Amino acid sequence: MAALPYTPRSITTASSIVHLEYKPAALSPVAPGWTRFVCISDTHTRSFAVPDGDVLLHSGDLTNLGTLSDFQKTMEWLYSLPHKVKIIIAGNHDLTLHIDYYEREHRRWHRDRQDVEQILELLTGPRARAAGVVYLQDSSHTFQTKPNGRTWSVYGSPWSPEFFNWAFNYPREEGEALVAKFPKTDILLTHGPPSGIFDRTRCGDLVGCEALRARLPSLRPRLHVFGHIHEARGAYVHAWAEDGASASEPPGAQNEDGDDLSDEEDDLDISFDEEEGAGGGGGEDGDDGDGDDGGENGTEATRSTPGSGEEEEREETVFVNAATFPAGRAAWRGTHRVPFGGPGFQAVVVDLRD
């Protein structure tokens with residue numbers, strides 16, 4: 001089969017550049033004074049080409065069902081990647097990492113009970129540390145990518161609202177208490193999306209967390225990466241109002257044609273292109289059984305070039321649904337199905353000004 005075409009799409013502001021789709025050989029190098037974050041999610045034991053960068057961020061669903069053999073495949077791949085820092089969290093498919101849940105439910109999923117200690121050794125042991133892997137589970141980490149450079153903070157949480165009794169699920173009424181524990185941080189890694197931001201399922205449901213959405217004006221991370229809803233892959237840059245008391249919220253949900261369904265006014269002047277989107281979701285032969293099969297259109301915006309004098313740097317958050325599992329309408333280019341991590345489902349590359 002001939003190689004599928006790429007349609008380069010990016011978002012550019014004074015302090016961030018988001019490469020949503022790009023020709024791998026033509027991806028521009030990171031500029032001095034910037035840090036490159038390579039964002040992936042929902043890899044489900046697959047491996048594929050990932051561009052180099054300063055930091056790899058993985059927002060969960062490392063495996064199909066959390067077996068030791070699945071983790072061995074995934075971690076061998078992650079060990080081999082060139083990024084100096086690799087920060088990963090679990091998702092609802094990584095069953096064995098939710099210890100209490102797996103204790104109760106292991107017979108439902110696995111004929112042979114998996115060795116959780118061996119799995120944790122893969123994520124946190126000597127080989128992981130030597131490869132720069134940091135596993136976060138409701139915890140924080142700080143790091144530098146350059147000698148005497150900026151210190152970045154990251155917080156990772158594997159949770160998502162309850163859906164068909166998978167791992168790391170919580171009742172929606174408990175969401176406020178959960179996200180209240182999230183600290184202010186430069187980078188927020190969650191498996192599940194906020195409500196109304198790249199969280200629409202194929203059935204039209206918005207399955208993101210309302211409590212997380214409500215907390216975002218207080219947290220204001222530089223970068224928020226998530227996945228879970230494969231078909232909802234996409235990226236958006238939101239600028240916050242300067243007056244904290246009147247800070248605008250992120251945009252509301254959009255339908256499949258890119259029409260705004262929210263009454264909220266976006267603080268950042270952005271025009272959405274309904275043709276420029278990316279999706280993700282579903283399982284190997286269709287649905288994956290956990291509802292990660294739908295999505296809000298992955299709309300994007302194009303801003304002026306950094307340093308062009310056309311805009312001033314503002315406090316903003318880059319939102320990325322980084323699912324790499326092709327599904328939905330965007331999983332097809334003509335009559336050909338997009339391969340894992342292929343056009344429209346590549347790693348999302350985010351450059352942030354230090």
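Buried means under 20% relative accessible area, exposed means over 50%, and partly exposed is in between, using a 1.4 Å probe and protein chains only. By that rule Phe340 is buried, because its relative accessibility is 18%.

Before I go on, a word on the model. This is a predicted model, where local features need pLDDT of at least 70 and side-chain atom pairs count only at pLDDT 80 or more, while totals for chains, interfaces and linings use all residues. Residues are numbered from 1 along each chain as its sequence is written, and side-chain values use heavy atoms, with hydrogens and water left out.

Now the sheet. Helices (H or I, at least four residues) and strands (E, at least two) are DSSP runs, numbered from the N terminus. Two strands pair if DSSP finds at least two bridges between them. Seven strands make an open sheet with mixed pairing, in the order β1-β2-β17-β3-β4-β5-β6. At the edges are β1 (9-12) and β6 (133-135), each pairing on one side only. Strands β2 (residues 16-21) and β17 (residues 348-353) run antiparallel and are joined by four bridges. Within that pairing, Val18 is opposite Val350 of β17.

Next, the aromatic rings. Which two numbers describe a pair of rings? The distance of the centres and the angle of the planes. Rings of Phe, Tyr and Trp (its six-membered ring) pair if their centres lie within 6.5 Å; planes under 30 degrees apart count as stacked, over 60 as edge-to-face, and the rest as tilted. The count by this rule is eight aromatic pairs.

One of them is Phe48 with Phe340: the centres are 5.7 Å apart and the planes are at 40 degrees, so this pair is tilted. Phe48 is in the loop between β3 and β4, and Phe340 is in the loop between β16 (336-337) and β17, so the pair ties together parts 292 residues apart in sequence. Phe48 is buried too, with a relative accessible area of 11%. Phe48 and Phe340 also belong to one aromatic cluster with Trp77 and Phe325.

Another pair is Tyr155 and Phe182, with centres 5.2 Å apart and planes at 50 degrees, so it is tilted. Tyr155 is in strand β8 (residues 151-157) and Phe182 in the loop between α5 (175-179) and β11, so the pair ties together parts 27 residues apart in sequence. Buried or exposed, at 6% relative accessibility for Tyr155? Tyr155 counts as buried, and so does Phe182, at 3%.
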